[in-house]
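Please consult the sequence and the structure shown here while reading.

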Amino acid sequence: RVTDKWDQRALSAILSKFFNREAIQPGHRFTVSESYQMPEDLSIEETLSYISSLPNYDNPELFGMHQNADRTYNEHTSKELVNYLHVFQPSHQLDQGYRLEYKTQIVTTLHRGYSSMSGYSNKDNIVMEFLIHIHKTLPQKIVGPPFMDVIPDMIHNALTGSERPPSVLIEKGYLKPKITETRHCTPMENVVRHEVRQFNRLLEVIHMSLKTLALCLQGDEAMNEGVDVMYQNILDNKLPAAWRDNSTADTKPLSHWIDLLANRITFMQYWIDLNIEGTVSNHLFGVEYSELVKEREKDEEISFQDVMKMSSAYQKPIKVGVEKLPRSFWLNALFFPQGLLTGVLQTYSRKHGIPIDSLNFKHHVAPLPSRREEEDRHRAQSAGLTPAMWAFPGAEAPENGILIHGLYLDGGRWDGGNVVEALPSKQVTPLPEIHFLPQQVDNTPKPGVYECPIYRTSERCGTLDQTGHSDNFVTSILMPTEHPPQHWVTRGLAIICQTVD
């Protein structure tokens with residue numbers, strides 16, 4: 001009855017540990033310790049006595065899990081308990097708590113003048129501050145590139161049945177005037193078009209719902225059930241259902257979700273600027289990237305702000321006839337990352353004249369950064385560097401394929417050449433950049449290689465959309481390892497695009 005590929009793999013790996021010929025041999029151990037082993041006497045009395053002697057709490061090792069599984073389970077259980085206690089607590093006792101929480105997460109980012117509003121209750125004041133914060137953080141829409149309005153000939157012909165559409169359709173806004181020069185969008189430009197539409201749809205839902213909420217708080221409109229639920233979600237720091245329905249899978253609190261959305265929009269806007277102008281924020285800080293590189297080569301001391309300038313004020317020379325793409329892509333910024341991967345395959349297929357059906361990705365995980373590179377990254381992050389900015393500084397984008405950054409390994413760590421065991425209390429570790437290179441290769445898992453799935457969130461579950469894709473599962477990559485694949489299957493090793501924190 002299990003139909004999902006990854007569920008079948010996990011179930012087979014767990015069952016194979018208990019259903020094999022060695023498991024029925026007397027003295028066979030299921031773990032390193034002697035707590036779980038086959039009794040020598042398999043009579044009913046001895047078997048019942050052995051079962052009674054087993055620990056009340058099973059060791060994660062029995063199921064092939066890491067010791068960090070206990071810690072993760074306890075953290076999830078504690079959070080659920082706190083959420084239940086929060087629901088049953090009287091609302092009048094929460095005002096002070098809400099005020100303290102939002103002072104820390106949101107109100108500190110606002111101007112002092114907005115922190116004391118007269119005419120509103122304590123909770124209304126918090127919600128109004130949050131509305132102002134969103135208004136300042138999120139744009140009304142993303143201004144797309146010029147090719148957003150390109151209408152293929154087939155659409156005109158299908159709607160009108162002729163080469164020139166009737167003027168009445170243009171006057172009423174159903175169609176735009178057909179351009180003289182026929183322009184075909186590249187696969188990567190189609191990715192931009194799709195993503196910009198998705199972002200603008202989400203931004204429209206957010207701003208329209210917040211406008212309605214603001215009118216209700218001012219008394220200009222009546223509060224209905226939907227607005228009341230959104231009002232309570234904001235106070236509880238939870239994502240409103242209407243926003244979640246138009247967004248991607250996410251487990252972050254509302255305040256962190258807003259910051260993440262702002263970073264995702266920044267990534268898309270930088271990508272659009274790069275496509276139009278050939279550069280990204282040339283004078284964002286008034287300092288040219290090349291000048292900072294010269295300073296870096298002199299081994300002179302550079303401030304945190306200089307590191308951020310090196311990462312943000314990136315300028316790429318324009319090459320005629322070459323599509324301008326980010327140096328590295330941030331998967332979590334996209335609504336449909338599968339579309340990006342398909343676009344990369346289509347680009348490679350057209351460039352080399354290879355059928356796209358015969359192409360797969362070969363994956364190369366970069367070595368661990370040097371100590372100096374790691375120090376520079378920490379300094380840049382302390383200065384405010386975000387994953388959206390990290391996509392553009394540095395060298396040129398690879399000639400074939402793309403680089404992916406901003407991923408995390410859940411259940412293990414990367415030692416520079418192989419996947420190894422996670423350290424105690426380090427369930428999630430960051431991954432270096434991964435090169436997705438299209439090639440005519442067989443991606444069937446081989447010995448010494450683990451097929452590692454990539455998910456958006458640590459929940460690793462989602463729903464299928466109209467295209468048949470999960471809104472959580474992205475793809476899988478092959479990673480080298482010295483352990484058998486079943487070892488990492490029972491460990492639950494996977495790559496995630498974002499952490500809970």
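A residue is termed buried under 20% relative accessible area, exposed over 50%, and partly exposed in between (1.4 Å probe, protein chains only). Helices are DSSP runs (H or I, at least four residues), numbered from the N terminus. The model is predicted, so local features need pLDDT of at least 70 and side-chain atom pairs count only at pLDDT 80 or more, while totals for chains, interfaces and linings use all residues. Residues are numbered from 1 along each chain as its sequence is written, and side-chain values use heavy atoms, with hydrogens and water left out.

Helix α5 (residues 122-137) is mostly covered, with 12 of its 16 residues buried. Among the buried residues are Lys123, Asp124, Glu129, Phe130 and His133.

## Packing against α8

The axes (lines fitted to C-alpha atoms over the stretch in contact; angles run from 0 to 180 degrees between N-to-C directions) of α5 and α8 (residues 187-218) come within 11 Å and cross at roughly 145°.

In this contact (heavy atoms within 4.5 Å), Asp124, Val127, Met128, Leu131 and Ile134 of α5 meet Ile206, Leu210, Leu213, Ala214 and Leu217 of α8.

## Packing against α9

The axes of α5 and α9 (residues 225-235) come within 10 Å and cross at roughly 85°. The two helices are therefore roughly perpendicular, a term that covers angles of 65 to 115 degrees.

From α5, Lys123, Asp124, Ile126, Val127 and Phe130 meet Tyr231, Ile234 and Leu235 of α9.

Conventions
Angles under 35 degrees count as roughly parallel, over 145 as roughly antiparallel, 65 to 115 as roughly perpendicular and the rest as oblique.
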